[in-house]
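Please keep the sequence and the structure in view while reading.

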Amino acid sequence: MPLSSRHLLGLNGVPREDIELILDTAITFREVLDRPIKKVPTLQGKTIVNLFYENSTRTRISFELAQKRLSADTVNFSTSTSSTKKGETFKDTVRNIEAMKLDMIVVRHESAGVPLYLTKISNANIINAGDGLHEHPTQALLDMYSIKERLGKIEGLKVCIVGDVAHSRVALSNIFGLKTMGAQVSVCGPATMMPLGIEKLGVKVYHDINKAIAENDVLNVLRIQLERNAGSTIPSTREYHNYYGITAERIANYNKEIVILHPGPINRGVEITSEVADGPYQVILDQVTNGVAIRMAVLYLLGTMH
Amino acid sequence: MQIVLKNVLLINPDQKLNSKSSLLIEDGIIKKIGELEEKEIENCEVINCEGKIAAPGLFDMHVHLREPGREDEETIETGSNAAAAGGFTGIACMPNTSPDIDSAETVRFIIEKSKNHLVDVYPVGAATLGRKGEALAPINELVEAGIVAVSDDGVAIKNAAILRSVLEYCGMFDLPVIDHCEDPTLANGAMNGGLNSTLLGLHGIPTIAEDLIVMRDIMMAEFTGSRVHIAHISSAKSVEMVREAKKKGIKVTAEVAPHHFTFIDDQIKSYDTNYKMNPPLRTKTDLDEIIRGLKDGTIDCIASDHAPHSIEEKEMEFIYAPNGILGLETQLGIALSELVHKKVLTLEQLIEKLSINPRKILNLPVPKFEVGEAANLTIIDPDLVWTVDHSQFKSKSKNSPYDKRLLTGKSVAVINGKKIYMNGKFNNI
């Protein structure tokens, strides 16, 4: 059964069957990544453009690796090398790239809504690699994959997203995806980091990290962006760490297994200590490997739909 | 030349007039009102107005003409053409041009450029130099040159001290101070702040940004005794505050733009930049309170906030696209469809909000249906069903969310003195 849409713009409204199909398909590709020859011919002849209007290292590399391992032809376009600085409009840039005949576009942009806009001006399959504060669906999918890999299921689990939820596209995609998959989702952080109306999404809000640790099976710890937050949403990273940082002591207070995710890059000593980031409960590097498998699954499922 | 409006329903609430009659206009002056004999009209151009209304010429007190500065988007002429096509005989143009309307020279330039047009154009001066909120604009000079109000349009008057000065100074001329009410420190966003901005991943501008400045302005109007006019009111709480202030006798008036009683922020789900404006589309709660405010008179007038933008500028990533949409050519149709046909307002009330009140706020005379008066009127077919087609706009720009929308009610002609606009053409009469 194919996916219900030929684009992956976000997880809001994506049916459970689609998410399950992507997660199941990724299992196969995850296994490919452990082979000596990590390449399959699935997308041979397909051309994919990675259109990155915002700095990104890991997401772009992850997509690029996924594309190469599926034998697709890939081109990277990023702002530093683009013509946007010369005054060309986004639409003209896309039309130009489109004229070079391509099949899929992976896009990251600082404005929410750009992936949806692309579906209107291009015939390619569009994959959102992060748009503004909106969604980052492949990150949430790899998070869910990693949770499932560790705990065997998603349904019924209690997952808490910790940190600057208001400025996180990772948080929003996780909330949509996890709820669709039957998890109970909560968020934890200071009130200044909680988005307007979040409780209307059926998401519990914690301001006490200890309570969040006590009551959840999984913590997805978001990166604190030093340049954005200090002084405006939190007094200092030190105060944040003291009240919301994930430390081994905090976890040790509760005699339980807990799974720690982090989308990276980590600010060690701010949102998470090294002891936890390298400790037994984290799946942070698994997330990175799984990210390639998830992106292979998404590219494969969309790229072979026609 | 003589022109006859035959069997027209004359409505002018300011004259307590609502009756069917015929009107004879000669050389731009109303010559006769009432039954006309055959021989009186044999040499006249007769417009059969059966089923149509004549109202005192409609007036839009919030229009951006873009000239001087951005003539690629709109000029005084094309904006005036759009006004005539939309049923307006008068408009007030806002000062956020380039240069700003903060010198008598620029006021005179606009008046000079618009003087031969059917549509009367009244400049609104900047309240402060460069609309920067630092030093008073030469308001006395601007008044002498012909402004009808001041505003730092696009932004709120910067701080309480300069607002106080502006109000005190303008009080000497009974000049209204129009304020774009928004606290800039809370306004760093691309849409209304709320659940939808969270869901759509866009920074939000919460209604508190508007409410705080509305509260400030009302209190300062009370303190100084001068007049404040709240531009494009959009939040429920602001409407409530204006209502309470009016009850206390504070000199505050308010306008609303058609999109704020037509749309809510659900529209942003399409990320269509034609729904991006400032103040942003709000929620159902806000819209409902605006409707109540229109009904009970808290909101004095409807004004388009006509804001032309080029396609290149508007067709951009949502967070980069400029705010604002066209309004002149759709405003009457929207107001009739959404307010009169839905029984929110009577035709009389609509005419008050689209013609009489804005003129009174700006100290302009209200046209009358009286023998000897200059003809200044709009002929409206309230039941004409039409589809908005932005390719037919007289405006130089196309940025309208109403394109392809079916509307009921339209202006069929406007007459101002010796000029008429009908069937897409201007003629002298």
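Helix 12 of chain A is largely enclosed by the rest of the structure, because 15 of its 20 residues are buried. Buried means under 20% relative accessible area, exposed over 50%, and partly exposed in between, with a 1.4 Å probe and protein chains only. Helices (H or I, at least four residues) and strands (E, at least two) are DSSP runs numbered from the N terminus.

Helix 12 covers residues 284-303 and reaches 28 Å from its first C-alpha to its last, close to the 28 Å expected at 1.5 Å a residue; the expected span is 1.5 Å times one less than the number of residues. At A:N290 helix 12 bends by about 25°, the angle between axes fitted to the seven residues ending there and the seven starting there.

## Basis of the values

This is a predicted model, in which local features need pLDDT of at least 70 and side-chain atom pairs count only at pLDDT 80 or more, while totals for chains, interfaces and linings use all residues. Residues are numbered from 1 along each chain as its sequence is written, chains are lettered from A and ligands numbered from 1 in the order in which they are written, and side-chain values use heavy atoms, with hydrogens and water left out.

Four strands of chain A form an open, parallel sheet in the order 2-1-3-4. Strand 2 (73-78) and strand 4 (125-131) are the edge strands, each pairing on one side only; two strands pair if DSSP finds at least two bridges between them. Strand 3 (residues 104-109) is joined to strand 4 by five bridges, and A:V106 stands opposite A:I127 in strand 4.

Helix 2 (residues 58-69) of chain A packs on the sheet and touches strand 1 (47-52), strand 2, strand 3 and strand 4. Contact means heavy atoms within 4.5 Å. A:E64 lies in helix 2 and is buried, with a relative accessible area of 15%. Not counting residues up to four places away in sequence, A:E64 touches A:N50, A:T74 and A:N76.

## Domains

Chain A is assigned domain 1 (16-135 + 291-303) and domain 2 (137-287); the bounds come from an automatic or database domain assignment. Their centres, taken over C-alpha atoms, are separated by 26 Å. The contact takes 26 residues from domain 1 and 26 residues from domain 2.

## A:R238

A:R238 is found in helix 9 (residues 237-244) of chain A and counts as exposed at 62% relative accessibility. A:R238 and A:K256 are 18 residues apart in sequence and 27 Å apart in space, C-alpha to C-alpha.

Terms used:
Axes are lines fitted to C-alpha atoms, for helices over the stretch in contact, and angles run from 0 to 180 degrees between N-to-C directions.
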